[in-house]
Amino acid sequence: MSISRSHPHLFLSLLLSFLLAPVPALGQRLHPRLKGAKPGDANPVISRLVILPAQVSFVKDGMKGNEPQEKEAAAATPIIEKALAKALTSKNLTVLDSPFTPETLQNDEKLKYALADLQRNYAELHGKIFKNQKDVEKGRFSLGDQVLLLNQDDNIDAFVFVSASGQRKSGGKKALGVVMLNPLMIVPFYFIDIGIADARSGEVLAYTLTVTTFDIGKEDDKKLVEVLTKCLKKLPAGTTAEKK
Amino acid sequence: MHKHFQHTSIRRHLRLSFISALLLCFGFTSLAAAQTRPEPFRFGEVDLEFLDQIKQLDKKFGDRGLVYREPELNAFVDRVGRSLLKPEETLENVVWQFRVMRNPAVNAFALANGSIYVFTGLLARVENEAQLVGVLAHEIIHVRNRHSYLSYRSYRKKVLTVNILSAAAGILGGGLEVGMAAQFMLALSVIGYSRELEKEADLDGAQLMTTSPYDPKEMIAALDCLRQKYEVDLDGEPFYGDHPKTNARIAYLNEWLSKSATKRETESAGLSKEDYQKNVAEVTRHNIQLAIDAGLYRTATTLGKRLVATQPELASNLTALADAYTALGPRTLDPLAEEKSGQGKKEARKRRSKLTLQEEERTLAATTAGQERQKINQAEAEKLYRRATELEPNYPLAWRGLGELFEKQKQSSQSIEAYRKYLELQPAAMDRLMIMRRIKTLESK
């Protein structure tokens with residue numbers, strides 16, 4: 001009797017682990033405008049970017065179910081944003097200081113709403129992008145010119161939307177995974193999803209999704225920067241990153 | 001052959017035993033959870049950790065721009081919520097806060113730390129202050145009776161049982177069926193438990209209202225009002241929903257009222273629809289924009305009509321309704337019979353899952369019927385914008401709306417004129433750059 005019939009759950013888990021583990025990026029899709037761009041172009045499509053506040057959510061998968069990890073997610077948020085900035089800078093793109101710091105937003109309710117609405121609209125659109133990733137290459141998706149509400153000085157080329165989610169495993173769950181020979185109970189999974197949208201037209205210029213098994217909330221972000229750099233590999237490099 | 005049969009039979013017997021054990025375990029844990037609720041509630045380490053996480057979540061809502069801030073409305077909701085609390089009452093690890101969530105859904109929820117969130121969609125929907133009190137009373141009971149902690153404890157116990165049984169099944173050969181059965185039982189028992197708590201929140205909430213100046217009958221009126229659907233219901237009420245069905249809620253509340261409600265000596269408070277509408281006018285306008293963004297065009301239009309019915313001479317109300325009509329575009333205000341049919345819903349679901357809102361709009365507007373409806377809705381919108389500019393010539397948003405409407409109708413010069421008027425009235429508008437770019441594009445056409 002084959003393992004797929006005698007132990008279907010084990011077989012599926014192994015298959016999934018095999019499929020997922022070696023893949024650094026599950027897809028990198030570029031808008032035709034970016035696809036046609038050449039590295040070091042005199043007039044690059046995007047050069048100055050702003051990373052919008054990352055949307056991070058973690059849960060801890062334990063013997064007693066999923067535990068919320070809001071505090072851990074909040075702590076990981078700046079780490080992920082900084083790692084992404086490093087990955088983009090390594091491509092000679094300028095990552096501008098975010099105009100959406102908690103301090104700025106605290107004093108500007110309208111800006112806070114505009115940012116929340118844009119992120120919500122992106123999240124809504126994201127469902128379609130995720131299902132039809134290839135259509136990014138056809139230039140199908142756009143957030144509309146509402147993006148200009150957050151680009152009032154017209155000095156930003158693109159906004160970077162990043163979301164990360166992860167399921168950490170408790171010691172007990174790992175032990176159960178060993179007993180049940182189920183790798184999905186042992187190995188933690190983290191998904192990072194990045195979308196880049198034109199900060200003037202709202203067009204979605206790039207989309208990438210990656211999955212990793214190492215803890216992306218760690219202070220030491222070397223591995224994370226590596227993974228992010230890999231998953232942004234196709235993004236055309238800029239000339240020289242500006243000094244801010 | 002016989003041996004194989006025997007082996008299969010033993011395995012089947014083992015699986016059945018595991019499933020029976022599961023049933024018993026869930027029965028006992030549910031019963032235990034229902035019967036052994038600690039009185040008074042004592043915080044354990046897990047509860048305190050849970051509370052810490054909840055506080056972080058609460059903070060995140062505020063930091064992320066999800067909480068609506070309008071001093072007068074916030075004060076109104078706070079006053080209404082606190083009318084149900086005794087001044088001397090203190091509850092360990094609870095700081096009562098009544099907040100408004102920027103979300104067009106008709107909903108409210110309570111966090112274990114005492115933060116109660118009412119959605120803008122719900123505020124705009126209920127008809128009077130007493131109905132809002134009904135919703136808040138339900139949420140207060142969730143906090144007061146520590147339902148979040150109890151649910152979380154119950155969930156943890158059940159998952160632990162599932163995991164232990166799954167491990168045992170893994171070792172002894174219970175197989176995949178046991179694992180699946182365990183997960184299914186877990187889902188059902190967790191939902192069953194929360195339905196019990198929801199019922200308790202309804203009944204205790206109604207009881208709480210009897211101690212306030214508000215009539216508990218308004219809780220039923222709120223449920224009745226909230227079940228009205230302005231959009232085609234593509235999801236329906238899921239059988240695994242954690243709230244009892246609305247009809248059942250109304251029925252048991254009515255039964256409770258007939259047995260328990262005492263006759264009031266004074267007149268019930270908060271029944272005026274007009275006063276309430278005025279209190280929530282600004283948040284309703286805000287919610288109309290949120291509903292438009294979320295593709296809830298019929299909801300936006302219906303709420304706009306309610307606003308205008310209450311204060312028909314207010315430019316801001318007329319503009320909000322006009323915005324909703326513009327967004328309604330190729331649709332009718334009330335869903336057509338064909339949209340409500342099984343086939344119609346299937347097609348709508350398909351459209352929603354495949355198309356973006358803009359693509360959906362274009363698809364509908366490509367039909368003759370869609371074009372006709374669009375013309376009617378746009379004419380209505382123009383009439384309302386014009387009326388708004390007559391009443392208040394310097395109301396900028398009406399001019400912006402007109403600009404957008406004319407742009408949709410491809411009337412470039414009129415659109416440019418309206419946009420310019422908007423910028424003249426509001427030179428420092430947040431969307432200044434967006435409008436200027438639109439003008440530039442229209443000029444180049």
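In chain B, residues 24 or more positions apart account for 71% of the contacts with a separation of 6 or more. Two residues count as in contact if their C-beta atoms, placed from the backbone, lie within 7 Å. In chain A, 76% of the contacts between residues at least 6 apart in sequence join residues at least 24 apart. The model is predicted: local features need pLDDT of at least 70, side-chain atom pairs count only at pLDDT 80 or more, and totals for chains, interfaces and linings use all residues. Residues are numbered from 1 along each chain as its sequence is written, while chains are lettered from A and ligands numbered from 1 in the order in which they are written.

The predictor gives the complex an ipTM of 0.85 and a pTM of 0.87. Chain B averages a pLDDT of 87, and 83% of its residues score at least 70. Here pLDDT is the predictor's confidence in each residue, from 0 to 100. Two stretches of chain B stay under 50: residues 1-6 and residues 27-36. For residues 1-6 the model has zero contacts beyond four places in sequence. For residues 27-36 it has ten such contacts.

Chain B comes to 20 helices and three strands. Chain A has eight helices and eight strands. Helices (H or I, at least four residues) and strands (E, at least two) are DSSP runs, numbered from the N terminus. Of the 445 residues of chain B, 37% count as buried. In chain A, buried residues make up 40% of 244. A residue is buried if 20 or more other C-beta atoms lie within 10 Å of its own, exposed if 12 or fewer, and partly exposed in between, with C-beta atoms placed from the backbone.

The three strands of chain B form an open sheet in the order 1-3-2, with mixed pairing. Strand 1 (97-101) and strand 2 (108-110) of chain B each have a single partner strand and stand at the edges, so one side of each is left without a neighbour in the sheet. Neighbouring strands of this sheet are turned by 20 degrees against each other on average, direction ignored. Strands pair if DSSP finds at least two bridges between them. Five bridges join strand 1 of chain B to strand 3 (residues 115-119) of chain B, in the parallel sense. Val100(B) stands opposite Val118(B) of strand 3. Helix 3 (residues 71-82) of chain B packs on the sheet and touches strand 1 and strand 3 of chain B. The direction of helix 3 makes about 135 degrees with that of strand 1 of chain B. Axes are lines fitted to C-alpha atoms, for helices over the stretch in contact, and angles run from 0 to 180 degrees between N-to-C directions.

In chain A, strand 2 (residues 48-51) pairs with two strands. Two bridges join strand 2 of chain A to strand 5 (residues 94-95) of chain A, and the two run parallel. The bridge partner of Leu49(A) in strand 5 of chain A is Val95(A). Strand 2 of chain A also pairs in the parallel sense with strand 6 (residues 158-169) of chain A, over three bridges. There, Val50(A) has Phe159(A) as its bridge partner.

The contact between the chains takes 29 residues from chain B and 31 residues from chain A. On the side of chain B, the elements that give two or more residues are helix 2, helix 6 (147-172), helix 7 (175-210) and helix 20 (432-444). Helix 6 of chain B gives the most, with nine residues. The residues on this side of chain B divide into eleven nonpolar, eight polar and ten charged. Ala, Val, Leu, Ile, Met, Phe, Trp, Tyr, Cys and Pro count as nonpolar, Asp, Glu, Lys and Arg as charged, and the others, Gly among them, as polar.

One helix pair spans the two chains. The axes of helix 4 (residues 70-89) of chain A and helix 2 (residues 45-63) of chain B come within 8 Å and cross at roughly 50 degrees. That makes helix 4 of chain A oblique to helix 2 of chain B. Angles under 35 degrees count as roughly parallel, over 145 as roughly antiparallel, 65 to 115 as roughly perpendicular and the rest as oblique. Glu70(A), Lys71(A) and Ala74(A) make the contact from helix 4 of chain A. Asp52(B), Gln53(B), Gln56(B), Leu57(B) and Lys60(B) make it from helix 2 of chain B. These residues divide into two nonpolar, two polar and four charged.

Leu115(A) is found in helix 6 (residues 109-131) of chain A. Leu115(A) is buried, with 22 other C-beta atoms within 10 Å. Leaving aside neighbours within four places in sequence, Leu115(A) is in contact with Phe100(A), Leu150(A) and Gly65(B).
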